[in-house]
Amino acid sequence: APAALVRFGTKGGIRAGAAADLVAIAPDAGLVVDPARLHHRNDVSPYAGARLTGVVRSTWLAGTLVTVPAAGGRLLAGGEA
């Protein structure tokens, strides 16, 4: 319930009227963290070289399938939805 903790009223649930932000994962798939392939501002990670389980396969933002680097969105502050 992370969305509820920061009062994101339309986030964090699958129900009528909720934001259609979803992710499909392969929970048993694994990967080795390669900082060069991360899609964020910093090119370092404390997890570099670590073997992790669970791989994102698809992401939907407001009900639209998105791909990186074309993904968009906006930063939300606590209590904002």
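Contact here means heavy atoms within 4.5 Å. This is a predicted model, in which local features need pLDDT of at least 70 and side-chain atom pairs count only at pLDDT 80 or more, while totals for chains, interfaces and linings use all residues. Residues are numbered from 1 along each chain as its sequence is written, and side-chain values use heavy atoms, with hydrogens and water left out.

**View 1**
Helices (H or I, at least four residues) and strands (E, at least two) are DSSP runs, numbered from the N terminus. Along the sequence the pattern is α-β-β-β. Of the 81 residues in the chain, 11% are buried; buried means under 20% relative accessible area, exposed over 50%, and partly exposed in between (1.4 Å probe, protein chains only). The accessible surface of the chain is about 6400 Å², and carbon and sulfur atoms supply 58% of this surface. Accessible areas come from the Shrake-Rupley method with a 1.4 Å probe; for residues, only the protein chains shown count as cover. Among contacts with a separation of 6 or more, 56% join residues 24 or more positions apart.

**View 2. The open sheet of 3 strands, in the order β1-β2-β3.**
The pairing in this sheet is antiparallel. β1 and β3 stand at the edges with a single partner strand each, so one side of each has no neighbour in the sheet. On average, neighbouring strands are turned by 35° against each other, direction ignored. Axes for such angles are lines fitted to C-alpha atoms, for helices over the stretch in contact, and angles run from 0 to 180 degrees between N-to-C directions.

**View 3. The pairing of β1 (residues 22-32) with β2 (residues 51-61).**
Two strands pair if DSSP finds at least two bridges between them; β1 and β2 have 8, in the antiparallel sense. Leu22 stands opposite Trp60 in β2, and Val32 has Arg51 as its bridge partner in β2. Gly30 is also in strand β1. The C-alpha atoms of Gly30 and Thr53 are 4.3 Å apart, although 23 residues separate them along the chain. With neighbours within four places in sequence left aside, Gly30 is in contact with Leu52, Thr53 and Val55.

**View 4. The nonpolar surface patch of Val23, Ile25 and Val56.**
The patch has an area of about 270 Å². Ile25 belongs to strand β1. Patches are made of residues with over 30% relative accessible area and no salt bridge, with like charges joined within 9 Å and nonpolar side chains (Val, Leu, Ile, Met, Phe, Trp, Tyr) within 5 Å. A salt bridge is a side-chain nitrogen of Lys or Arg within 4 Å of a carboxyl oxygen of Asp or Glu.

**View 5. The hairpin of β2 and β3, with 2 residues between the strands.**
β2 and β3 (residues 64-66) pair in the antiparallel sense over 3 bridges. Leu61 stands opposite Thr64 in β3. Ala62 lies in the loop between these strands. Phi of Ala62 is near 55°, a positive value in a residue other than glycine. Most residues other than glycine have a negative phi. Ala62 counts as exposed because its relative accessibility is 60%.

**View 6. Gly13 in the loop between α1 (2-5) and β1.**
Gly13 has a relative accessible area of 23% and is therefore partly exposed. Not counting residues up to four places away in sequence, Gly13 touches Ala18 and Ala19. The C-alpha atoms of Gly13 and Ala1, 12 residues apart along the chain, are separated by 8.9 Å.
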